[in-house]
Amino acid sequence: MIAAMPISHRHTDAELCALDIMARLGSTLRIAAPLGLGKPHGLLNALYRLTAADTSCSMRLYTALSLARPRPASGWEARFLQPFLDRHFGEDYEDPLYALDQARDALPGNVAVHEFYMQSGALLHADSAQRDYISQNYTHVARDLVEQEINLLVQLVARRDTPDGPRYSLSCNPDLTLDFLDRVKASGKTRPLCVAVVHPQLPYLGGDAEVGADFFDVELVPPQSPRLFAVPRAPVDVIEYAIGLHASALVKDDGCLQIGIGALSDALVKALLLRQQENVPWRRALVALDASRGTHKLAARGGGLAPFVKGLYGASEMVMDGFMQLARAGILKRRAWDTLALERAAAEGRLDANTPGGHYLRGAFFLGSRELYEWLHATEAKDPDAIDMCRVSNVNQLYGDHQALATLQRRGARFFNTSMMATLLGSAISDGLDDGHVVSGVGGQYNFVAMAHELPEGRSILMLRSTRTVRGAVQSNIRWNYGHTTIPRHLRDIFITEYGVADLRGKTDSECIEAMLAITDARFIDALCAEAKANGKLAADFQPPANWRRNTPEQLREALTPLIRKGSLPRFPFGSDFTDVEQRLLVALGWLKEASVGLRGKFELLRAALRPGEVVDGEDEALQRMGLADAHGFKDRLQRRLLLAALRRNGVVAPAAK
């Protein structure tokens, strides 16, 4: 390993760069690479190929969230997804080869990949990934990497040429790089070889993310760069919107917001926009949803029902599309300053929120749509102080020199995260299963839950759907107990399902059980109540109130019908990467998947297949998109009939044909 020095080796070819690295470091590579977007796939692939071809070499990679394109299964999934994936990612997108091999348990014996966070569910059945997973808080990764004797750090960067020479931005991933290298220096160990791979589409962000020419030892500037990974925008359903509406009433004006990625976060952001822009319909929907008045009570104590005036400040490990939408709507606008004096003046109302120099969004990494990347680039050019990308230790925790400042900046904090399941006693299951298998990873969830308990007005809010469907059977996501825990019950705070809000902070076990039962699907309340009584945690004479029986999907849809009819709850709240035809197919294919599980659904499919009928306007486009316009052979003809049945069953035809 070598000490840091101005870049002396510049490459334009990934293969030659990889050979140079191996010539410098020898046959044993111990690589650190950023999570998500910041991994330079081309260089990592070159190093992987060299290692795999020579058994005298070895490669051990420490990273997280490896972004490979989905691999659709055969049948309906392949017919629908493959053309979309080809269009969305482009032919030039370069998957990380190690991730493809890891997913099918085909890594060579001289390569090991250790991730602390995985794409949700993507590696659930990959044995090597499950064995080599490292369970860590996000803020502990840099500390633990120092012990792994890392000799190579590779990172995708943005470059800016100045009169004083080139400058680099860690852009999407200042999160762990800065903390890790500082810890290496403090330990007295030799600094790893640091390689910058320049990507022209990566937004150049300044502040803590900006480093000088002497930060890296080697630079790779490929003549062509594949497009950046962009997360396809997902649809939002009625259940997710209900959760988002409840959550939006808990956000305090002049407060601080943390949100993650996914449909639940999109639903929350859309609900915040409705609170701001369509306040009366938003309030009516909330009244219709909130039968127990739990959401309104909590909103009165620490949230709000009025539009935002002072606005919100964002402090989130991940910067995603939702923050862009909130900034465009004038909601994300409360600035924070990096000196105690200025921040205290702002908190006391003695400093105008538009005073230059403050940021309104702080994050450790970003990942989202191409629109997000373009917005980040434009915002940096227009308002360079607005977004502060920095090390994860400055976002996910309060410890250190910045504690007093961070506490002021994060006043009124609401930290929203998602959970797969929860127990009646208030523990959360967010990252794994009770057989030890890892679904994703804890990431920064524990950090934000613990931080919410430390901040004077902070609240941790975990959102989850009350039920899930497994092989055609509906199951409750609220359990009496579960054999794996992500967030322990002593850190219980607020849970939200589509049926309301459960405030558990400072409550007794029996009070927590009652609060969780109140947001449980009515079909499971009696069984869970009986289980709590059997274990002595609920009084024997306790009876569920009658209004809990209204916790049904039918009641939910009825409550939201006015907003749905008004068009305020669109299936894709922030636009879609799918065409109009593909959006219609999504509905039909979703029904086909559900119907193919149960006996009644299978009978309906069989009846429809026997009575195909004539193709009408609007159906031909869908058949063409699925490659079934001219079906030949029994299998294709059967799929054509089933698809027509699904389109008709769900009323999914082109607007002109309705």
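Begin by selecting strands β5 and β6, which are joined by a hairpin through 2 residues. This is a predicted model, in which local features need pLDDT of at least 70 and side-chain atom pairs count only at pLDDT 80 or more, while totals for chains, interfaces and linings use all residues. Residues are numbered from 1 along each chain as its sequence is written, and side-chain values use heavy atoms, with hydrogens and water left out.

Strand β5 covers residues 152-162 and strand β6 residues 165-169, and the two pair in the antiparallel sense over 5 bridges. Strands are DSSP runs of E with at least two residues, helices are runs of H or I with at least four, and both are numbered from the N terminus; two strands pair if DSSP finds at least two bridges between them. Select serine 169 of β6, the bridge partner of alanine 158, and then glutamate 210 in β8, which is the bridge partner of serine 169.

Next, select helix α8 (residues 238-248) and helix α10 (residues 279-289), whose axes, lines fitted to C-alpha atoms over the stretch in contact, come within 10 Å and cross at roughly 105°. The two helices are therefore roughly perpendicular, a term for angles of 65 to 115 degrees, taken between N-to-C directions on a scale from 0 to 180. On the α8 side, show Ala242, Leu245, His246 and Ser248, which meet Trp282, Ala285, Leu286 and Leu289 of α10, contact meaning heavy atoms within 4.5 Å.

Finally, select β16, β15 and β20, which form an open sheet in that order with mixed pairing.

Notes:
Angles under 35 degrees count as roughly parallel, over 145 as roughly antiparallel, 65 to 115 as roughly perpendicular and the rest as oblique.
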